[in-house]
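Please consult the sequence and the coordinates alongside the text.

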Amino acid sequence: MRSELKRYYDVSYEGFRLPGFKTMSLYKVLARLVQLFHEGTPVYRLKAVEPDKMVEILLAELQHDENAKEKARVLLRKWLGKRLLLEREDQDMGPNPIHYKTASMLDAATFDDEGTSVLFYRILSSDRYLRRAFHRYFSPRKDDNAEEELLVRLATRLPLEVDENPKPDASGEASICPAFERLVIDDFKRVFAYADSVSRGTFVGLLENLVGLHLATYEMLVTNIVNNFVKRSFYCPEKCPVAEDAGDLKGCHCVDGVFASADRTLESVCQVAVRSFVSKIEKYRNYQYNLAYLRKLEQFNADGREYLKEQEFKLEPTPQELLELREHPDLRSWFEAEAMILSEEETNGRRISFSMLDEAKIDAGVRHLSKVLSVLAPKKDSEYLHRLERLLGYGDGFGLLSSFRGSFMYYLSDAFLGFTIMLATVEKNKSGRYDHSVNMSLGDFCNFLRQRYGVNVGGRYKGGNPSQDILEENIAILHRRLFYMGYVLDPLNRPINPTIRPNIVIKKD
Amino acid sequence: MTNPNVSKLQRLNYSSPRGNDKSINHQIDFFVETYLHKYLADEILDAKYKLVLITGCSGDGKTEFIQWLETEKMGEELDLSEKPIGRVDWIEYGDILFSTLYDAEMTFEEEEQGPEELLHDNLDDFTGEDWPEPQCFRIFSITRDHLRQFLQDNAEDYPKLNRVIMPALHDMDPDPRPALKEGILVVDLTFRSVVGDILREDGLEEGCVYTRVVEKMTDKMLWKPCEKCEAYSFCPVRYNMETLAPRSGKPVAERLLKLLTAFHYRRIFHLTLRDIISLLVHSFVTDSSCEEIIEEGANSEKLFPLFYFNRLFTLPGTLGILMDELDIAAVNSPGLDERLYSGEDVDNDPEHLPNMVIKDMLDGLEYIETPLAVRQTKRLLRVGRKRKLFFEYSREDEGLAMELFPYRTFDLFDAVAKKRESPGKLFEMIMKAISKREGLELNEKDRFFFTLDSNFENIATYYAGDARDFELIVPIPKTVSGHREYLPGYLLLRHRKDHIIDLRVNLDVLEYLLHGTFRLPEKPDYIPELRHRLRIFKEKLETELDLPTFYIRSENKQVAKVSRSGLTGRIDFITENE
């Protein structure tokens, strides 16, 4: 079995949890990436220093009135907490990876993101330009603003030690979807086009958003890839329909169409979103079920090898061979026996994986959700909403989708729109590098969202389902929002297909 | 007794349930002259331009202007009821041959000539780099998007045409000069404003297209037949039109103009001539026929919704939705609510038609059976009375009426946009307001402060910009010459040297900056989006400005200034608001 697929169903015993997303700080993932891409040898990292000690070092750097020393100490401690250590609500999210030195405060040995940083590291290191860009951008520069400069200066004053953590193998297998990898590379290249046009803080924010967005996209893909595989024995990474040179997911049938209402009031559009949400929950449930099923088949294979010694039971079965065991005459009785063992207090791992196959024992949260959703009624219960969002890893203002002002609907957040407009409005030069901004039409922007991330705002498109026309109104409302956000300058009734202007304009050389 | 003008006028409303005519000027009785008719017509007839391209939104009067030129100026007989789309015509005027083409983009591909062929056919004088002497002088009405798309798609066939016209089609700052050098005039009617006094290079001109439309619609002769009508005493249409007429001495037309000017300053929607006429007809002439009104008789419940103040915010379509966002009935005004409660507004003038209707409905409340229906009627009366107060409070009570105006910053904006005042004072207010909205006001002269953190956070860092490096300008596109009435829809705050750093300040942005909230609590306020717009501006500031100093603000309002000096830095405490 491909190692990556195996890894995903291994971790799923704890319930579906994509590596990294919502379970840890994206800043930490970024900091680790910056460490991994730094090319210096030997590799140093900053020794763990108490924040108060850092303040001491900082105070020695800054001239100040002696009688204000205590006040300065208190204030600088808070400032450091927020800017360098990224302390939010007493939770440590940092360090802030604005520079490889600040990033190297992260101790790789104690850091576990379930492979997220390695996933991105492997994908990105296959591209020479990105490898260089990462290294170069996070090395010293001169044009920082005063605040960033001070942070970097502090980092250079902290004591060093040799980092003995081994670097992961960059050439290992990254994800289970080749088209996704190309999309990630393309998007990182787009973001790096802004490297010299925005400050470090903003740039790091962009990278953070990008990692978050791709984790969400990947989640949709993995769910569908596994479901397709178990249901139809179709393993799409090997039969990927996306064009080899494509930088998007156009044509991929694993992109889950996420309908998004750009509106706050439109009930009909909201209903579309609700239906789409229901189908997502259903897919998620199937996904959990299918993972557990695969796992059980693997156990059956192991048991079969030991006791039956038939040739169907392989030492290292491929996914397809595992699936073929479904036809085995002994499978049913084996399941029955397993159920008996389970009732006699088996190990926890086996119990959880087995219970996934039993409707009655399905996770209470999921059961509750499917029950509520079957009514299709918009709920205003905040806890319920919160649960849905947590389940899919969305929320917090940034994400593919988020709830808005307590009412139940999908809503593209301002930050998401702003960020994706930045991605969409850079263009390649003749040598194939993204290096200048262009204006684009609203229609093209909607296509961009749909083809790359499966977010369907609306509008008719070639090959699209005519029933999606009910989202037509969505576009008008998105237009109005973009107008207020300053991306569209024309009045609403002037253009048929309005022009979106990027907020940060990178001029053509 | 019925008034035939009522149904004629109603056909001018695009949302009329009884069907509508395309253009006001098809009804020669209601013809409204604009600068286009006044200044451009003669230039065209003098063969000053070999090609005139009139672009704009649907309803701006592109086609109407050409038809008017043909019938009224060139003496061509034209059946205005025929379908004008895609119509090509050749007219001899004196010894000059003119060719006209309307709305090529609206023809269908399946027709004999689709949109593309029509343009190719009519632009054959303009292919390649060397143009022959024109066979005729051409006048086209065409939408901007279509023209732009055509020129882009066919740049190889029309390289020179593409080069000279594209600058004139720029969204924000069109440049008509390259085209003019070649004898081509591009008139973009989206740069025409139908409301507000008209800004001209030589100053302000009183009156505007809206005022002329109102004068025309309220013409005494049009409403003469009503005087003998049996419904005269209770007809809401008669009341609406009399109140709107400037000769009545009532401030309704002025206040509506002010509201529409505020609408224009939001710059979210371009008001076309057809929009204004439809809004006026929908609100004042209503959709009810004379027969219906006579038949219903003096039934208060039927009459009340037909008063203009209730109909102004109910037009179907985007314009109606956006008008509803400015509904004065949603403005909070405790003082006025008290007046409504006491019934002062109705008792003061009991013979006034709306007052009689309101009084009758108030008296009828006790006969309504269900509490829900009572509540609904009360609400209806409350919002209607509030709107009526806004429009009809006498000029002496202007201040009270303005308590209901949705924008507190309107007068400031208006004075600068119309160049009655220089932008200096407003500029200072805006720069101070930026610091205020950001949550850090320090007594540092000519400095403003901004943060990329949320100002709700316990600790935030700020940067300082030098206000002297910025300016507030009233943007006037190069294209605005004598042919269009123009009033800017936004002000531009920008860096004096680095024009990339700019913020378009429309009325909503100004209101948010100076007040932080909107007066319309029940309506969408777009504050999150406006904040995002400001954030984009701040990101530009952070990227483009040299920022050697930053400020740290703690939750107890302690502020420290951290500055860079050579290899070391310095931290100083500043007490806020000293």
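Strand β8 (residues 447–451) of chain B pairs with β9(B) in the antiparallel sense over 5 bridges; helices (H or I, at least four residues) and strands (E, at least two) are DSSP runs numbered from the N terminus, and two strands pair if DSSP finds at least two bridges between them. The model is predicted, so local features need pLDDT of at least 70 and side-chain atom pairs count only at pLDDT 80 or more, whereas totals for chains, interfaces and linings use all residues. Residues are numbered from 1 along each chain as its sequence is written, chains are lettered from A and ligands numbered from 1 in the order in which they are written, and side-chain values use heavy atoms, with hydrogens and water left out.

**Strand β9 of chain B**

Within the pairing of β8(B) and β9(B), B:F450 stands opposite B:Y463 in β9(B). Strand β9(B) also joins strand β13 (residues 549–553) of chain B through 3 bridges, and these two strands run antiparallel. There, B:A460 stands opposite B:R553 in β13(B). Strand β9(B), residues 460–466, is mostly covered, with 6 of its 7 residues buried; buried means under 20% relative accessible area, exposed over 50%, and partly exposed in between (1.4 Å probe, protein chains only).

**The two chains**

The table sets out the totals for each chain. Accessible areas come from the Shrake-Rupley method with a 1.4 Å probe, and contact means heavy atoms within 4.5 Å.

| Property | Chain A | Chain B |
|---|---|---|
| Secondary structure | 19 helices, 11 strands | 24 helices, 15 strands |
| Buried share of residues | 57% of 509 residues | 58% of 578 residues |
| Accessible surface | about 22,300 Å² | about 24,500 Å² |
| Carbon and sulfur share of the surface | 49% | 48% |

The C-alpha trace of chain B spans about 85 × 80 × 45 Å along its principal axes.

**Sheets of chain B**

Strands of a sheet pair through backbone hydrogen bonds, either parallel or antiparallel. One open sheet of chain B has 5 strands in the order β2-β3-β4-β1-β5, with mixed pairing. Its edge strands are β2 (88–93) and β5 (184–188) of chain B, each of which pairs on one side only. The twist averages 15° from one strand to the next; axes are lines fitted to C-alpha atoms, for helices over the stretch in contact, and angles run from 0 to 180 degrees between N-to-C directions. Strand β1 (residues 51–55) of chain B pairs with β5(B) in the parallel sense over 5 bridges, and the bridge partner of B:L51 in β5(B) is B:I184. Helix α3 (residues 62–73) of chain B lies across β1, β2, β3 (96–102) and β4 (137–141) of chain B, running at about 145° to β3(B).

Another open sheet has 3 strands in the order β10-β11-β12 (chain B), with antiparallel pairing. Strands β10 (470–473) and β12 (502–505) of chain B stand at the edges with a single partner strand each, so one side of each is left without a neighbour in the sheet. Neighbouring strands of this sheet are turned by 15° against each other on average, direction ignored. Strand β10(B) pairs with strand β11 (residues 491–495) of chain B in the antiparallel sense over 4 bridges, and B:I473 has B:L492 in β11(B) as its bridge partner. Helix α24 (residues 527–544) of chain B lies across β10, β11 and β12 of chain B, at about 155° to β12(B).

**Helix contacts**

Two packed helices are described by the angle between their axes and the distance between the axes. In chain B, the axes of helix α10 (residues 252–266) and helix α21 (residues 410–417) come within 11 Å and cross at roughly 75°. Helices α10(B) and α21(B) are therefore roughly perpendicular to each other; angles under 35 degrees count as roughly parallel, over 145 as roughly antiparallel, 65 to 115 as roughly perpendicular and the rest as oblique. The contact is made by B:K258, B:T261, B:A262 and B:Y265 of α10(B) and by B:F410, B:D411, B:F413, B:D414 and B:A417 of α21(B). The residues of this contact divide into 5 nonpolar, 1 polar and 3 charged; Ala, Val, Leu, Ile, Met, Phe, Trp, Tyr, Cys and Pro count as nonpolar, Asp, Glu, Lys and Arg as charged, and the others, Gly among them, as polar.

In chain A, the axes of helix α6 (residues 116–125) and helix α9 (residues 178–192) come within 9 Å and cross at roughly 80°. That makes α6(A) roughly perpendicular to α9(A). Residues A:F120, A:I123 and A:L124 of α6(A) meet A:F180, A:E181, A:V184, A:I185 and A:F188 of α9(A) in this contact. By class, the contact of α6(A) with α9(A) has 7 nonpolar, no polar and 1 charged residues.
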